[in-house]
Amino acid sequence: MPAIRSSADLRNSYNDISEFCHTYSEPVFITKNGKGDLAVMSIETYDQLIGRYELYGQLQEGLTDIQNGNTRPFSEAISDLRNRRKR
């Protein structure tokens with residue numbers, strides 16, 4: 001279940017919210033006037049989220065290459081890598 005706190009809680013209980021975010025590695029949703037307004041998370045959780053987003057983008061790029069026929073045999077790719085390492 002997501003953690004939901006009010007903007008007043010953020011102002012009055014910042015340390016508790018920060019500790020929660022660092023302990024559970026998940027965001028806290030902040031409401032303003034009873035409606036969702038912000039999602040607060042630790043820097044570590046944010047970095048993991050961005051890393052995952054970048055990885056998914058690279059995987060999608062690879063799948064698009066496969067669909068477009070932009071591939072080559074594995075043996076050829078390995079040979080190129082070995083030749084680059086020798087230089």
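These legends go with close-up views of a predicted model. Local features here need pLDDT of at least 70, side-chain atom pairs count only at pLDDT 80 or more, and totals for chains, interfaces and linings use all residues. Residues are numbered from 1 along each chain as its sequence is written, and side-chain values use heavy atoms, with hydrogens and water left out.

**View 1. The open sheet.** Three strands line up in the order β1-β2-β3, with mixed pairing; strands are DSSP runs of E, at least two residues long, numbered from the N terminus, and two of them pair if DSSP finds at least two bridges between them. At the edges sit β1 (3–6) and β3 (35–40), each pairing on one side only. Direction ignored, neighbouring strands are turned by 35° against each other on average (axes are lines fitted to C-alpha atoms, for helices over the stretch in contact; angles run from 0 to 180 degrees between N-to-C directions).

**View 2. β2 beside β3.** Strand β2 (residues 28–32) runs antiparallel to β3, and five bridges link the two. Look for Phe-29: its bridge partner in β3 is Ala-39. Helix α2 packs on the sheet and touches β1, β2 and β3 (contact means heavy atoms within 4.5 Å), its direction making about 145° with that of β2.

View 3. A search of the whole structure turns up one aromatic pair, meaning Phe, Tyr or Trp (six-membered) rings with centres within 6.5 Å. The Phe-20 and Tyr-24 ring centres are 4.8 Å apart with planes at 40°, so we call the pair tilted (under 30 degrees is stacked, over 60 edge-to-face, the rest tilted). Because they're four residues apart in helix α2 (residues 14–24), about one helical turn separates Phe-20 and Tyr-24; helices are DSSP runs of H or I, at least four residues.
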